[in-house]
Amino acid sequence: MTCRNNRKEKITKHVTHIPRVYVNNYLKATRGKSLKAAVQAMCLECTGYQKLEVRDCTALACPLYAVRPYQTPRQRHTVPNESKEVTKQSA
Ligand code: SF4
């Protein structure tokens, strides 16, 4: 069995554990056509498919934190300033 076939098989199996409403997004992500879909799929999986848990995520050091879906507009505005401070401090 090739690695590619193995991946297809794993994806097909994984889909059975995803709520139906999120399956298309997951499949889009696995096709490699959308980083946004990939981040959304990862965050949803991380939280057990709870949108509010993604929005209120407390894993501040997670690499996806700043770009996670379901943020409020206020959350989006606070993250870039924090990123600049970190960059300045590390330079
Ligand atoms: S940002 Fe939060 S919800 Fe998204 S993957 Fe990271 S820890 Fe999980």
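Two residues are in contact if their C-beta atoms, placed from the backbone, lie within 7 Å. This is a predicted model, in which local features need pLDDT of at least 70 and side-chain atom pairs count only at pLDDT 80 or more, while totals for chains, interfaces and linings use all residues. Numbering starts from 1 along each chain as its sequence is written.

**Start with V54.** Leaving out residues up to four places away in sequence, V54 touches C43, L44, T47, R68, P69 and Y70.

**Colour by secondary structure.** The protein chain has five helices and zero strands. Helices (H or I, at least four residues) and strands (E, at least two) are DSSP runs, numbered from the N terminus. Among the contacts in the protein chain with a separation of 6 or more, 22% join residues 24 or more positions apart.

**Select the core.** A residue is buried if 20 or more other C-beta atoms lie within 10 Å of its own, exposed if 12 or fewer, and partly exposed in between, with C-beta atoms placed from the backbone. Of the 91 residues in the protein chain, 9% are buried. A nonpolar core is a set of buried Ala, Val, Leu, Ile, Met, Phe, Trp, Tyr and Cys residues joined through C-beta atoms within 7 Å. The largest one has six residues: Y26, A29, A41, C43, L44 and V54. Helices α2 (20-30) and α3 each supply at least two residues of this core, and the largest share, three residues, comes from α3.

**Select the ligand.** Around the ligand are M42, C43, C46, T47, V54, C57, A59, C62, L64, Y65 and R68. Helix α3 (residues 35-46) gives the largest share of this shell, three residues. By class, the shell holds nine nonpolar residues, one polar and one charged; Ala, Val, Leu, Ile, Met, Phe, Trp, Tyr, Cys and Pro count as nonpolar, Asp, Glu, Lys and Arg as charged, and the others, Gly among them, as polar.

**Move to α1.** Among the 13 residues of α1, the count of buried residues is zero. The end C-alpha atoms of α1 (residues 3-15) are 18 Å apart, which agrees with the 18 Å that its 13 residues should span at 1.5 Å a residue; the expected span is 1.5 Å times one less than the number of residues.

**Finish in the loops.** Most residues other than glycine have a negative phi. Y49, in the loop between α3 and α4 (51-55), has a positive phi of about 65°. Y49 counts as partly exposed because it has 15 C-beta neighbours inside 10 Å. Y70 lies in the loop between α4 and α5 (73-90), and its phi is also positive, near 70°. With 17 other C-beta atoms within 10 Å, Y70 is partly exposed.

Definitions and conventions:
Near = placed C-beta within 6 Å.
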